Amino acid sequence: MRMFNPNFEKKNSLKMILAITAMGLPFMHASAQQVDKSSPAGKGVYESAFNAKDGHVYVTSAGSRNVPGGALYKINPADLSVVDSISLKENPPYGIAINSKTQVAYTTNTRTNSVSAVDLKTGKVLATINSGAEKSHTREVLVDEDNNLVYVTDVGDPSSIWVIDGKTNTFSHLIPDLGKTATGMAFAKSKDKLYVTVMGTNSIAVINTKTRKIEKSFASGGEAPINIASDGKRLFVTNQKSGTVTVLDTEGNLLKSIETGAGAIGLAYDGVKNRIYSANRGTGTTTVIDAKTYAVLADLQTGSAPNHVRVDPKSGVAYVVNKTKGGRPVEGQAPVVDTNGDTITKIN
């Protein structure tokens with residue numbers, strides 16, 4: 001019988017690591033996340049939000065040309081099965097954010113230029129909110145739980161931000177004149193400053209939420225910045241046209257530009273493992289980045305058109321929403337069936 005020799009084991013393990021390093025193989029990548037599983041998540045899926053209180057993932061579904069309608073699906077985070085659904089046919093949802101304290105979900109309804117406030121405990125729509133403008137294009141939504149306020153980007157030229165009072169679920173005020181095509185939003189150190197991606201000018205606008213004015217703006221470091229996240233000290237930005245994630249400090253100094261893939265759009269920061277996720281719609285991949293070294297740890301095939309990614313703040317597990325690919329129906333031709341679209345993918 002072979003006796004265990006700890007010195008022998010340690011020595012040989014060290015030799016193996018040194019050999020792998022010498023060959024230039026990515027030993028450090030062995031700890032990178034892998035795709036756990038994917039599962040259907042509705043028709044016309046778009047974004048998701050993780051509910052810290054009930055531990056489930058909520059996915060927006062706007063329907064499709066062949067299957068009209070809209071819904072909010074409650075997904076089991078373990079096996080990705082659909083636990084429940086809330087019908088939102090009158091106002092099909094796209095973007096979503098959840099106030100975990102009040103258990104109200106806010107969805108941006110791009111087709112009807114509105115926002116829905118949905119009680120997750122009862123499944124009832126508490127309010128459908130409009131800004132009063134004749135035209136609008138609601139896109140992303142961000143919740144300030146501390147002050148019970150909701151921020152919504154209204155894409156245009158110029159763009160604006162709606163501010164909704166979470167106590168009454170009514171429109172409060174407008175932050176106007178943000179420039180062409182403002183999309184993503186994030187807080188960093190405090191809720192007094194809001195960082196907004198402005199695609200039309202390749203910039204980040206810094207808004208003082210107290211004065212409701214732009215304090216300054218700076219370059220995003222890439223082309224067509226579309227979404228943004230923060231760890232409190234740094235800003236992480238997906239640049240859709242250049243296919244990159246750029247890292248900046250909160251003053252606007254560019255720290256790093258990282259190539260991810262065509263159509264970098266969805267973005268999330270994982271504070272558990274200190275990693276950045278970029279969902280790349282053009283390549284069908286989700287890039288995992290070490291937020292300390294900025295090394296690309298993995299490019300994972302997650303679905304046809306990865307559109308959005310969110311992370312469980314406790315476990316660090318990531319969930320990617322993948323849109324479906326397809327074109328308009330052509331008379332006399334069979335419809336295109338995309339089996340890798342309209343899915344949610346779990347990365348462990």
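This is a short tour of a predicted model, from the whole chain down to single residues.

**Whole protein.** Show everything first. The protein has one helix and 28 strands. Of its 348 residues, 52% count as buried. The accessible surface comes to about 16,400 Å², and 51% of that belongs to carbon and sulfur atoms. Now think about contacts between residues at least 6 apart in sequence: 42% of them join residues at least 24 apart.

Strands of a sheet pair through backbone hydrogen bonds.

Strands 12 and 13 are antiparallel and share five bridges. Which residue in strand 13 is the bridge partner of Val163? Pick His173 to see the partner.

**The largest nonpolar core.** Show side chains for Tyr151, Ile161, Ile175, Met185, Leu194, Val196 and Ile207. Of the 14 residues in this core, these touch the most other members. Strand 12, strand 14 (182–187), strand 15 (193–198) and strand 16 (203–208) each give two or more residues to the core. In soluble globular proteins, nonpolar side chains tend to be buried together.

**Val196.** Center on Val196. Leaving aside neighbours within four places in sequence, Val196 contacts Ile161, Ala182, Gly184, Met185, Ser203, Ile204, Ala205 and Ile207.

**Another core.** Finish with Val104, Val115, Ile129 and Ile164. They are among the 13 residues of another core, which lies apart from the largest one.

Definitions and conventions: Residues numbered from 1 in each chain as written. Predicted model: local features only at pLDDT ≥ 70, side-chain atom pairs only at ≥ 80, totals over all residues. Heavy atoms only, no water. Pairing = 2+ DSSP bridges. Helix = DSSP H or I, 4+ residues; strand = E, 2+ residues; numbered from the N terminus. Core = buried A, V, L, I, M, F, W, Y, C linked by side-chain atoms within 4.5 Å. Buried < 20%, exposed > 50% of the residue type's maximum accessible area, 1.4 Å probe, protein only. Contact = heavy atoms within 4.5 Å. Areas by Shrake-Rupley, 256 points an atom, 1.4 Å probe, with all protein chains shown as cover.
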